[in-house]
Number of protein chains: 2
Amino acid sequence: MGARRGEDVEVVTAPGRLPGNDEPAVRERARAIPEAAVARLAVYLRVLSGLAEQDVTTISSEELSAAAGVNSAKLRKDLSYIGSYGTRGVGYEVEVLVDQIERILGLTRKHSVCVVGIGNLGHALANYAGFPGRGFPVSALFDVDDDLIGVPVGGILVSHVDDIPRVCAEREVSIGVIATPPPAAQGVCDRLVSAGVQCILNFAPVVLQVPDHVEVRKVDLAVEMQILSFHVARRADEAANADESGMVVPG
Amino acid sequence: MGARRGEDVEVVTAPGRLPGNDEPAVRERARAIPEAAVARLAVYLRVLSGLAEQDVTTISSEELSAAAGVNSAKLRKDLSYIGSYGTRGVGYEVEVLVDQIERILGLTRKHSVCVVGIGNLGHALANYAGFPGRGFPVSALFDVDDDLIGVPVGGILVSHVDDIPRVCAEREVSIGVIATPPPAAQGVCDRLVSAGVQCILNFAPVVLQVPDHVEVRKVDLAVEMQILSFHVARRADEAANADESGMVVPG
DNA sequence: CGGTGTGAATACTTTCACAGCT
DNA sequence: AGCTGTGAAAGTATTCACACCG
């Protein structure tokens, strides 16, 4: 980073709107799509795919945003990150948006997925129709249980976790899904990483330690439930407060 | 953003809650914990519970933050939202933090959970040990399939979705988990809402429309996969660019 | 007109850095 | 001497509001 420690360096530059602003460390990559926007693009894509199936060809930001559960300004901003594909006064062509979002999300290539840990959840994941349907073929399954090795689940034979390096290399796995019990997760993660897998989706309730170049996303049921619990509690508090402050309850 | 340009802007800083500050129109919110912080508190809680089991009694922000995968400033800030329970020069008492986080997250009450849609995923959820273990007893299961009604799954008998209102009321369900196929999700959601359930965790890949007073969180595998796909693509782009710009790849 | 695309304003989150307590 | 707690700065994300264009 540049200068810090301002001996009266006075921060001058308001967020650069000046033209001659040649930031030194600025990545001139246009690929600066906010993470939050990426997540929403995936949602828009699903909504749009549904519309395409119903032969809707054109849609406005207002309609699309309502269907996606966001407001229209956010939707337009999100779409603006990927380019200008709308027509003023009209709206967007569904098919164009589908293509462009798929391009940005990298869905034009297929991404082989492996699932590690074939318990209840692993079974569900291995059979999950949403994966292959949208460019994510599940191409390997792993477990430690001898009774499972060689058994077909969702059409794929389960391999032993010890074979992760070989099998992942052979089948060019790019995304690993961890659905093991918590104590096994870090070990499995390490094996996936050393097998060259750079993206991991973790269902085990543990914080995985990985090198910088590996991307981890986690799905944590307990955390989700606790967040909901927090909201239940907050609501109860508010109700109690409103009550006590003599508010008249409407309806 | 702070001061810039000489128009005595004086942005009065934000939501401070100084003591003795008699804000005019402040709506008495003692509970102003950022959503993002709430999610992390749940993670800290799990780490802390693990530490407690290993008889660790005291921990510094540096250690705890490392175990939780965040930096220590963020951890301290997050903890500061719930109060001052640390000892300067020493650290935090594990047990105190556990109690306080549980209190804030509303885990001192039990929250009955129902699962709707007893397919692969529903089975996995019904059997998920993480729920009852941490104050979220699964107390009702629902499906439409006649072959499933009355069958015990994870020790609970499956009821028909038509009985959602009655059963949810009887068992005081406060959190509904939707694990149905996409087309059924909105209908199930509506029934849960009219049964008085105010918090919903949605695994179906659809955007649920709910009244304002209902809190929905979603877990969307396809979206997660697509976000990872985006990162795979970005990485590939970066590699290509670095390559082309004649960069020497470091070891 | 009607609806997109986007600077600018606002709101929220993270990080810095250090005063103050133990 | 060390670590927490926290204002203030920096960085992101969301929303507003309107110029612009079909």
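In chain B, a polar side-chain atom of Arg88(B) sits 3.0 Å from a sugar or linking oxygen of DNA strand D. That distance, like every other value here, comes from a predicted model.

**DNA strand D**

- A backbone N or O atom of Gly89(B) is likewise 3.0 Å from a sugar or linking oxygen of DNA strand D, while a polar backbone atom of Tyr85(B) lies 3.3 Å from a phosphate oxygen of DNA strand D.
- Both chains take part in this surface: two or more residues each come from helix H1 (35-53) and H3 of chain A, and from H3, strand E2 (86-87) and strand E3 (91-93) of chain B.
- H3(A) gives the largest share, with 5 residues.
- In total, 28 residues surround DNA strand D, and the closest are Arg40(A), Ser61(B), Arg76(B), Gly86(B) and Tyr92(B).
- Sorted by class, this surface holds 9 nonpolar, 11 polar and 8 charged residues.
- Sugar or phosphate makes up 61% of the atoms of DNA strand D within 4 Å of the protein, and bases make up the rest.

**DNA strand C**

- DNA strand C is surrounded by 27 residues, of which the closest are Ser61(A), Arg76(A), Tyr92(A), Arg40(B) and Asn71(B).
- Of the atoms of DNA strand C that come within 4 Å of the protein, 58% belong to sugar and phosphate.
- For a contact to a base, look at Arg76(A), where a polar side-chain atom is 2.9 Å from a base nitrogen of DNA strand C.
- At least two residues each are supplied by helix H3 (72-82), strand E2 (86-87) and strand E3 (91-93) of chain A, and by helix H1 (35-53) and helix H3 (72-82) of chain B.
- The largest share here, 5 residues, is that of H3(B).
- The class count for this surface is 8 nonpolar, 10 polar and 9 charged residues.

**Inside H3(B)**

- The buried residues of this helix are Ser72(B), Leu75(B), Asp78(B), Leu79(B) and Ile82(B).
- They lie on the same side of H3(B), because they cover an arc of only 125° around the axis.
- Their packing partners in chain B are H1, helix H2 (61-68), E3 and helix H4 (94-104).
- At the start of the helix, a side-chain oxygen of Asn71(B) comes within 3.3 Å of the backbone nitrogen of Ala73(B).
- Just after the helix, Gly83(B) has a positive phi of about 135°.

- Gly117(A) is found in the loop between strand E4 (112-116) and helix H5 (120-127), whereas Gly122(A) is part of helix H5.
- Gly117(A) counts as buried because its relative accessibility is 8%, under the 20% cut-off.
- Gly122(A) is buried too, with a relative accessible area of 0%.
- Beyond four places in sequence, Gly117(A) touches Gly122(A), Phe142(A), Asp143(A), Ala179(A) and Thr180(A).
- With those sequence neighbours again left aside, Gly122(A) is in contact with Val115(A), Gly117(A) and Ala179(A).

Note on methods: Residues numbered from 1 in each chain as written. Chains lettered and ligands numbered in written order. Predicted model: local features only at pLDDT ≥ 70, side-chain atom pairs only at ≥ 80, totals over all residues. Heavy atoms only, no water. Helix = DSSP H or I, 4+ residues; strand = E, 2+ residues; numbered from the N terminus. Buried < 20%, exposed > 50% of the residue type's maximum accessible area, 1.4 Å probe, protein only. Contact = heavy atoms within 4.5 Å. Near = heavy atom within 4 Å. Polar contact = N/O pair within 3.5 Å; in protein donor to acceptor, adjacent residues only side chain to side chain. Nonpolar A, V, L, I, M, F, W, Y, C, P; charged D, E, K, R; others polar. Arc of directions from axis to C-beta.
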